[in-house]
Amino acid sequence: MLTIGAFARASRLSPKALRLYDELGLLPPARVDPHSGYRHYAPAQLERARLVAWLRRLGMPLARIREVCELAPDAAAVAVAAYWAQVEADTAARRDLAAFLVDQLERKNTAMTTPHTPLTMRYAARTDQGLVRPFHQDAAHAGPRLLAVADGYGPDGGSAAASAIEALKALEERDLTSADLLGALEEAAHRAHRAAPAADEATGSTLTALLRSGTQLALLHIGDSRAYVLRNSGLLQITHDHSLVQSLIDEGRLTPEEAASHPQRSQLLRSLDAATEFAPDLQLLEARPGERYLLCTDGLTGVVPAETLQQVLTSADGPDQAVHELIRLAREAGAPDNVACVVAEMTGVPETTGVAEMTGA
């Protein structure tokens, strides 16, 4: 038997990592001393430990490593190849996101010395109860300055979502400069958070919103609704889910495939909830003509893949057609949850569509 120190040196895994892998059931010791609690490993465990070490060097999440280690060698080889193909695809997506961020920074620098290109925003919003839920607890708004979606939960979730949207609607009437955007948006959302109903059962709402002044877009996000932008490099998700499963994915404890069916996939780490701290993500973006933005609740992203979202946003004649098609696809996929989506297009044409806020059957 090898002590944890000797086993760590032989396997090139740290004692700290070995303790974590024991807790996860990935690499439990062969024997634990009942009196001292010291871990001891069998020499035969070295092969599995070295495989774990190599897979960690590849960056494979622990949840997937556990799956690979249980496979026969041929099947494990196929699994590693499939994982690496996904890594390359994800790297390409991150490259696009990096290009987006670089472009945003360059735009901010250019905006200081170059006159803004006049922009007009065409927009549409639509919500749908879906085919399973007995109540409709999603809300959406699209207007000349404000885009927003909210997904309520709990016994009074519908009111929480509607209240969150109402708290922001007053911003449509304010003539804000780009310097005021983030502060005004955050304060309006903070008011909604303070007004969230207190209940015996958890009640609250997500909120994802864009507030526009000229070419500047202030983005506020809390929860697991999402915002995307479609541009030349493709469709980019510009928000990060504040959910338990996303945190487990970030830590490598869960794969995205496992997250889709995880029993706690709806558990939020941040939201507009009287029982939680107000902690939204905030950022300022620079928009350009031709870009399309999508804000939506997880009732859409849970059943319609990102590739399909991109196809719809690319091919639709305008925002109104896009929101109708996205709702149709969600219902076609079973619509197990309420759905809300907003689509906006930045254009130099001096006209806008009206607000299209509709609730499906």
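Helices here are DSSP runs (H or I) of at least four residues, numbered from the N terminus. By that count, Arg-191 sits in helix H7, which covers residues 181–194. Keep in mind that this is a predicted model. A search of the whole structure turns up 14 salt bridges and zero disulfides.

**Cysteines**

**Around helix H7**
- Arg-191 is partly exposed, with a relative accessible area of 38%.
- Glu-187 and Arg-194 pair up through their side chains in a salt bridge, at 3.2 Å from N to O.
- In that pair, Glu-187 is partly exposed at 34%, while Arg-194 is exposed at 51%.

**Other salt bridges**
- Asp-281 and Arg-270 form a salt bridge, with their closest N and O atoms 3.1 Å apart.
- Asp-281 belongs to strand S12 (residues 281–286), whereas Arg-270 is in the loop between helix H9 (256–260) and S12, eleven residues apart.
- Both count as partly exposed: Asp-281 at 27% and Arg-270 at 28%.
- Arg-328 meets Glu-332 in a salt bridge of 2.8 Å, N to O.
- These two share helix H12 (residues 319–332) and are four residues apart, about one turn of the helix.
- Salt bridges with shared partners tie Arg-122, Arg-292 and Glu-345 into one network.

Notes:
Residues are numbered from 1 along each chain as its sequence is written. This is a predicted model: local features need pLDDT of at least 70, side-chain atom pairs count only at pLDDT 80 or more; totals for chains, interfaces and linings use all residues. Side-chain values use heavy atoms; hydrogens and water are left out. A disulfide is a pair of cysteine sulfur atoms within 2.5 Å. Buried means under 20% relative accessible area, exposed over 50%, partly exposed in between (1.4 Å probe, protein chains only). A salt bridge is a side-chain nitrogen of Lys or Arg within 4 Å of a carboxyl oxygen of Asp or Glu.
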